[in-house]
Amino acid sequence: MIDSIFVERDVLDHPVSQKVINRLKNADVFEIERYQEMFNRRQQNFRIQKQNPALILAKKYDNFVLPAPSGFGIDAQKNYYFSHMYNCIYDCRYCFLQGMYSSANYVLFVNYEDFFKEITDVIAENTNDSITFFSGYDCDSLAFEKITGFAEQAVEFFSNFNSVELELRTKSIVSDTLLKRSPISNCIVAYSLSPSNVASILDHKAPSVERRINALKLLAKNGWPVGLRFDPLIYCSDWKKIYSELFCQIFSDINVARVHSVSHGPLRYPKDMYKKISSLYPDDKLFSFPMEAKDGIVSYGKEIEEEMSLFLQSELEKYTTKNKIFRCLV
Ligand code: SF4
């Protein structure tokens, strides 16, 4: 799975580095000074590197917790995100990470303790506000859990702060970490979902939508609050039919009280990012649609976005209450 691990000399002896190296026994280990030497190098080919990424173990020094972009949150007064990892083991064609980084290698910041320290400070500074922390902004929260063990520690940490929420956003069905412990009411396991025929074309290497739905239903059955994330919405000829069928499939046989929130958001990119991503896969169907560029943003255009949003809203209201449905516009 991973042939090479590059470790910053400073964190070679860190317990997380040692655990990861032990879990990936067959990988060759190389020492480096700083991860940026490899990760930020120009002229790397994301698409080629994505075929066999290396893992870089590094130390993060600052910006552990950042305010989430406006339009990203659900219903909290303040929204923050943190990224213990850059890049993802899946390869969704629309993923914005392809446009953000020049390298497809994975970077894992092993000093988890510093993330938790800064989160503690943010909570202490905002005692009068409701806060949601989003994990999995620059990666998938659970997909690499068997190697990193980060979510396990994060959930344990947040179990001591039940006045704030943690969202683990994922497409992974690796939920043992959560199932083996008692649920905590302030941790939302939020699944990114699309109609299955869309996901089978675009969500490369990710578990099928059927398996994701089974995983989220199992978590809900075990008492975990689950989130449903339909983001990005993908426009295609029969989109109304396939999104309706998807909702029917999800909401059958689930305790709706366990559905913490549902959100949907359009496919949108900053102009330069769209240019970069579409040039990686110029023949991909996703990028053959005549997108609209306006005010620096590339999208399907206001008319399609509104039509999809209104339709989703009315379909979702058949299954859950209005106050749990959110439109995300990042
Ligand atoms: S699961 Fe999310 S982070 Fe991973 S490739 Fe897909 S869109 Fe990107």
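**Figure 1. Phe 46, Lys 50, Asn 87, Cys 88, Tyr 90, Asp 91, Cys 92, Cys 95, Leu 97 and Gln 98 line the largest cavity.** This is a predicted model, in which local features need pLDDT of at least 70 and side-chain atom pairs count only at pLDDT 80 or more, while totals for chains, interfaces and linings use all residues. Residues are numbered from 1 along each chain as its sequence is written, and side-chain values use heavy atoms, with hydrogens and water left out. Two elements, strand 7 (91-92) and helix 4 (97-100), each give two or more residues to the lining of the largest cavity. Helices (H or I, at least four residues) and strands (E, at least two) are DSSP runs, numbered from the N terminus. A cavity is a set of points on a 1 Å grid over the protein atoms alone where a 1.4 Å probe fits but cannot get out, and lining residues have an atom within 4 Å of a point. The largest cavity holds about 60 Å³ of space, and the structure has three cavities of 30 Å³ or more. Grid points are joined across faces, edges and corners, and a volume is the space filled by probe spheres set on the points. The lining of the largest cavity divides into six nonpolar, two polar and two charged residues. In this count Ala, Val, Leu, Ile, Met, Phe, Trp, Tyr, Cys and Pro are nonpolar, Asp, Glu, Lys and Arg are charged, and the others, Gly among them, are polar.

**Figure 2. The largest pocket contains about 840 Å³ of space.** There are 30 residues in the lining of this pocket, and the closest to its centre are Phe 72, Phe 96, Tyr 137, Asp 231 and Pro 232. Strand 9 (131-135), strand 10 (165-170), strand 13 (226-233) and strand 15 (268-270) are the elements that give two or more residues to the lining. Strand 15 provides the largest share, three residues. Sorted by class, the lining has 21 nonpolar, four polar and five charged residues. A pocket, unlike a cavity, is an open set of points with protein on both sides within 12 Å along at least five of seven lines.

**Figure 3. The second largest pocket has about 340 Å³ of space.** Of its 14 lining residues, Ile 234, Tyr 235, Cys 236, Lys 285 and Leu 286 are the closest to the centre. This lining is made of nine nonpolar, three polar and two charged residues.

**Figure 4. What do the sulfurs of Cys 236 and Cys 248 have within reach?** For Cys 236, the closest cysteine sulfur is in Cys 92, 16 Å away, which is too far for a bond. Cys 248 is in no disulfide either, as the nearest cysteine sulfur, that of Cys 236, is 18 Å away. Across the whole structure, the search finds zero disulfides, a disulfide being a pair of cysteine sulfur atoms within 2.5 Å. Cys 236 is partly exposed at 23% relative accessible area, and Cys 248 is partly exposed at 43%. Buried means under 20% relative accessible area, exposed means over 50%, and partly exposed is in between (1.4 Å probe, protein chains only).

**Figure 5. Strand 10 is largely enclosed by the rest of the structure, because five of its six residues are buried.** Strand 9 runs parallel to strand 10, with four bridges joining them; Ser 135 has Leu 168 of strand 10 as its bridge partner. Strand 10 also runs parallel to strand 11 (residues 187-192), here through five bridges. Thr 170 is partnered in strand 11 by Tyr 191. Two strands pair if DSSP finds at least two bridges between them.

**Figure 6. Five strands form an open sheet in the order 2-1-3-8-6, with mixed pairing.** Strand 2 (28-32) and strand 6 (85-86) are at the edges with a single partner strand each, so one side of each is left without a neighbour in the sheet. Five bridges connect strand 2 to strand 1 (residues 4-8), and these two run parallel. Val 29 in strand 2 is the bridge partner of Ile 5. In a regular strand the side chains alternate between the two faces of the sheet.

**Figure 7. His 264 sits in strand 14 (residues 259-266).** Is His 264 buried or exposed? With 1% relative accessibility, His 264 counts as buried. Leaving aside residues up to four places away in sequence, His 264 touches Phe 230, Leu 233, Ser 309, Leu 312, Gln 313, Leu 316, Ile 325, Phe 326, Arg 327 and Cys 328, where contact means heavy atoms within 4.5 Å.

**Figure 8. Glu 245 belongs to helix 11 (residues 239-251).** Glu 245 is partly exposed, at 42% relative accessibility.
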